[in-house]
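Biologist: Please take a close look at a single part of this model, the place where the two chains meet, and then describe the chains around it.

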Amino acid sequence: MRSVALLLGKDLRILGRSRALVVAFVAYPLLVAALVGLVARFAADRPRVAFVDLDNLPKTLEIGGERFDVKGVIDQVDAAVELLPMPAAEADHRLKTGRVLAEIIIPRGFAARLRGMVESPELILKTSPGGLSDDIRRRTESLVFNLDRRLQTTYIESNLGYVDLLLHGGKGSFLGNRFDIIGLEAAGRSLADLRRRTPDPAARKEIEQLEIFVREATLAIGQTGSAMRAIANPIKLAEGHGGRSYILSATVQSYAVALTLAVLCVILGAGAIASERDENVVGRLTRGLVRLSELVAEKVALVTAIAVALGLALIIVFGIAVEAAGAPGGQPWQRLPLFALGLVLVGAAFGAFGVLLGVVAREGRTASLLAFLVVLPLVLVSLIPRSASEAPFWAAQLFPFSHGVAFFESALYDLDPWGRLGRQALWLAGLTALFGAASRAGVRRLAR
Amino acid sequence: MKIGWVPQRPALYGRLSPFENLELFARLEGVAEPKAEVRRLLDLVELPAGKEPAGRLSVGNQQRLNLAIGLLGRPDVLLLDEPTASLDPRQRRRLWAIAGEVRGRGGAVAFATQNLEELERFATRVAVLLAGELVFEGTIVDYRADPSAQVFA
């Protein structure tokens with residue numbers, strides 16, 4: 001352990017003297033944080049969707065005597081996706097060439113079918129294959145759902161007008177036919193008056209039957225309004241605002257920290273072990289001064305120390321941003337010790353992986369380049385959702401990145417984090433042991 | 001028996017000063033009073049105790065520092081691997097004078113060289129390796145007398 005401590009002190013001293021490296025260590029996390037923020041913003045940005053209006057929809061439609069705000073609905077969709085109005089041929093071409101992710105088509109006769117209130121008009125959606133098409137489909141389904149809800153409201157208001165006419169009487173029109181009716185209430189009063197004036201008992205009995213029917217019908221139709229509204233919206237969605245911006249979310253913080261550590265720690269681990277060979281000191285160290293396992297452990301410890309320092313700096317910067325923005329819930333400062341434990345585990349795992357790459361590459365520059373080339377694809381593989389494919393998911397399990405993200409998310413924001421933390425800690429410790437053992441097996445080649 | 005090793009190419013940390021290099025290796029060796037030992041060796045090899053990184057020293061000074069690291073802990077045997085290969089004549093003389101410290105206190109210096117002049121001047125026993133095979137082993141007197149040993153002459 002004494003040898004490890006001495007070499008660690010030496011490496012930290014050398015790192016401190018490498019100005020470019022210190023600048024990179026300070027600037028890189030901030031750069032990653034900014035880039036992740038930008039990516040998060042654009043990830044949440046509106047996908048481009050072609051909008052083909054073959055029916056030349058007007059700004060408003062009159063449906064059952066009610067005005068329906070077509071432009072309002074389109075504006076609402078435009079907030080979720082970027083609708084680009086264009087002719088059908090161009091839309092097809094852009095969809096084929098990937099310049100739009102989907103195409104929404106309003107077919108001819110759409111407005112007429114809506115006005116008719118008899119046949120459901122169709123809205124056509126064309127999507128391209130790929131990961132984003134599901135997202136577009138969900139957004140379009142949401143659009144159609146909202147459209148249906150608005151139309152339902154319009155239809156119901158129109159039907160309630162007819163119900164009102166049936167109850168109270170008055171002038172109206174249906175399918176172009178105008179009429180003037182007295183309504184059930186007036187009909188009841190007329191029947192009562194007629195019954196009183198009729199001397200024939202048999203006729204009075206028949207009028208009484210009609211009065212009973214009119215009374216029951218009045219009561220039943222009186223209930224129709226609220227019943228129709230309830231059927232239209234069996235479950236109502238009550239919206240409230242309590243969340244924080246995605247840029248300051250737990251996910252972005254966790255990914256930013258894990259990404260920073262992945263790149264810096266793996267490159268540092270690879271470079272640190274390979275630089276011992278570049279300095280030609282491995283032979284001298286391993287001739288009785290330091291055991292090979294201690295040399296590997298020291299490099300892992302070095303990377304871990306740097307990971308803890310960088311990770312804490314990054315999370316403090318995020319915390320300041322969260323507090324300054326007044327994000328709901330604030331930064332969970334009381335979870336910092338748990339987060340720091342994650343930094344130790346993740347730093348050690350990345351460090352051991354980097355040392356392994358350094359042992360394979362042997363020479364300092366080659367090791368750094370190899371580490372950079374290996375880290376990026378592995379991080380990208382870790383970002384592929386399991387639903388897309390099982391193979392990348394399991395490949396990513398052998399790299400500490402996804403475990404690091406899960407650990408950080410859980411450590412910072414899970415209400416009951418222990419189960420998830422325990423699993424990820426075991427993964428990270430196992431990967432550290434695996435990469436460490438492989439590095440130990442190969443590190444002797446650095447002495448040659 | 002304690003053995004000191006001086007590889008052909010200096011084995012030291014270029015970003016550390018000579019003092020820091022020597023102090024680190026002294027501590028790794030478990031030298032009782034590392035700072036005093038470092039000062040002694042710096043005086044011996046005539047290197048300054050300044051902060052200039054070892055990587056910026058001349059080749060000769062780097063080789064002397066390399067030798068000083070090999071002398072840490074007062075080894076009984078000093079192994080030198082072509083120690084003067086990249087040194088000028090003056091630097092060579094200084095290096096041999098320093099290595100003589102080990103012999104001076106009853107130790108041994110074993111060195112690999114292709115320089116026959118150095119062999120004649122400093123060696124007492126010679127082993128000749130040819131293509132990985134030991135083709136001669138004996139005193140320098142026997143070496144001079146044995147024509148089969150003169151493969152490099």
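**Where the chains meet**

Modeller: In this predicted model, 13 residues of chain A are in contact with 14 residues of chain B. On the side of chain A that touches chain B, two elements give two or more residues each, namely helix H1 (2-17) and helix H10 (282-285) of chain A. The largest share of that side, 5 residues, comes from H1(A). Sorted by class, the side of chain A that touches chain B holds 5 nonpolar, 3 polar and 5 charged residues.

The partner, chain B, may now be described as a whole. Chain B contains 6 helices and 5 strands, and from the N terminus on its elements run β-α-α-α-β-α-β-α-β-β-α. The radius of gyration of chain B is 16 Å, close to the 15 Å that the globule rule gives for 153 residues, so chain B is as compact as a globular protein of that length. Along the principal axes, the C-alpha atoms of chain B fill a box of roughly 50 × 30 × 25 Å. Of the 153 residues in chain B, 29% are buried. Among contacts in chain B between residues at least 6 apart in sequence, 62% join residues at least 24 apart.

Helix H16 (residues 418-442) of chain A has 25 residues and reaches 36 Å from its first C-alpha to its last, close to the 36 Å expected at 1.5 Å a residue. Buried residues in H16(A) include A:Trp427, A:Leu428, A:Leu431 and A:Phe435. The cover over the buried residues of H16(A) includes helix H11 (292-324), helix H12 (336-361) and helix H15 (400-413) of chain A.

Technical notes:
Residues are numbered from 1 along each chain as its sequence is written. Chains are lettered from A and ligands numbered from 1 in the order in which they are written. This is a predicted model: local features need pLDDT of at least 70, side-chain atom pairs count only at pLDDT 80 or more; totals for chains, interfaces and linings use all residues. Helices (H or I, at least four residues) and strands (E, at least two) are DSSP runs, numbered from the N terminus. The radius of gyration is taken over C-alpha atoms; the globule rule is 2.2 Å times the number of residues to the power 0.38. A residue is buried if 20 or more other C-beta atoms lie within 10 Å of its own, exposed if 12 or fewer, and partly exposed in between; C-beta atoms are placed from the backbone. Two residues are in contact if their C-beta atoms, placed from the backbone, lie within 7 Å. The expected span of a helix is 1.5 Å times one less than its number of residues. Ala, Val, Leu, Ile, Met, Phe, Trp, Tyr, Cys and Pro count as nonpolar, Asp, Glu, Lys and Arg as charged, and the others, Gly among them, as polar.
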